[in-house]
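Grab a pencil and work through these exercises with the structure open beside you. Try each task before you read its solution.

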Amino acid sequence: GLLGGGTQTTVLSSYASGTVQGAESVGGLIGSLAYGSTLSKSYATGAVSGTTQVGGLVGYLRETNHSPLTSVTESYATGNVTATGSKVGGLVGYSNYYTTVAKSYATGNVSGLTNVGGLIGESWQYTKISYSYATGTVSGTTSVGGLVGVLQQASTTLNSYATGAVTGSSRVGGLVGSLSGSTVMQSYATGDASGPESIGGLVGY
């Protein structure tokens, strides 16, 4: 992509179009973005593949303190994302601890093993997703969602949606695969959700 990783970094109006392959923390534009970094008005169009923490734009979005926030705003990814492991998303693979994703979207198809989402694979602890969407198909085994695979630990999804079909074996949701201690507000899903256990049109489990 563009960067392997960045801390306290600002990335503005940037893009990458090539195919990206790796193992952990693999992103179409940036592998890992952390500690008060900002990514805005940027995009990636290439296919992305890896093992874990794999995203169409950013593999791993992280923070260790709640101020300032690490954020992705007004950005998008269009490439297909494939992984053999967990935390796989069309835009961000893993969004962790007081990070935000706003006014952003992903259109690529996403496939992985567990914690797989059309926009974000796993969103953990005080993360916020707002005014964002995903349109690609999403497939995996456990915790598979059209927008977010796992949303947990006081995280929030607001004014966001997913339209792609979602398939998995357990905890499969049109919007969120697995929801725990978190909030979904003014959001919706229109894609079919299918699988043998814990399946929901909006939330799987």
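**Exercise 1: Around a glycine**

Apart from neighbours within four places in sequence, Gly27 is in contact with Val20, Val48, Gly55, Leu57, Val58 and Gly59, where contact means heavy atoms within 4.5 Å. Before going on, note that this is a predicted model, where local features need pLDDT of at least 70, side-chain atom pairs count only at pLDDT 80 or more, and totals for chains, interfaces and linings use all residues. Residues are numbered from 1 along each chain as its sequence is written, and side-chain values use heavy atoms, with hydrogens and water left out.

Task: find the strand that holds Gly27, and decide whether Gly27 is buried or exposed.

Solution: 
- Step 1. Gly27 sits in strand β5 (residues 24–27); strands (E, at least two residues) are DSSP runs, numbered from the N terminus.
- Step 2. With a relative accessible area of 6%, Gly27 is buried. The cut-offs are under 20% for buried, over 50% for exposed and partly exposed in between (1.4 Å probe, protein chains only).

**Exercise 2: Tyrosine rings**

Task: work out how the rings of Tyr76 and Tyr105 pair, and which parts of the chain they tie together.

Solution: 
- Step 1. Start with the count: there are 9 aromatic pairs in the structure. Rings of Phe, Tyr and Trp (its six-membered ring) pair if their centres lie within 6.5 Å; planes under 30 degrees apart are stacked, over 60 edge-to-face, and the rest tilted.
- Step 2. Tyr76 and Tyr105 are stacked, at 4.9 Å centre to centre with 5° between the planes.
- Step 3. Tyr76 belongs to strand β13 (residues 76–77) and Tyr105 to strand β18 (residues 105–106), so their pair ties together parts 29 residues apart in sequence.
- Step 4. Compare Tyr97 and Tyr98, an edge-to-face pair with 4.7 Å between centres and 85° between planes.

**Exercise 3: The open sheet**

Task: give the order of the 7 strands in the open sheet and name the edge strands.

Solution: 
- Step 1. The order is β3-β8-β13-β18-β23-β28-β33, with parallel pairing. Two strands pair if DSSP finds at least two bridges between them.
- Step 2. β3 (15–16) and β33 (188–189) are the edge strands, each pairing on one side only.
- Step 3. Zoom in on β18: its parallel pairing with strand β23 (residues 133–134) runs over 2 bridges, and Ala106 stands opposite Ala134 in β23.

Methods. Helices (H or I, at least four residues) and strands (E, at least two) are DSSP runs, numbered from the N terminus.
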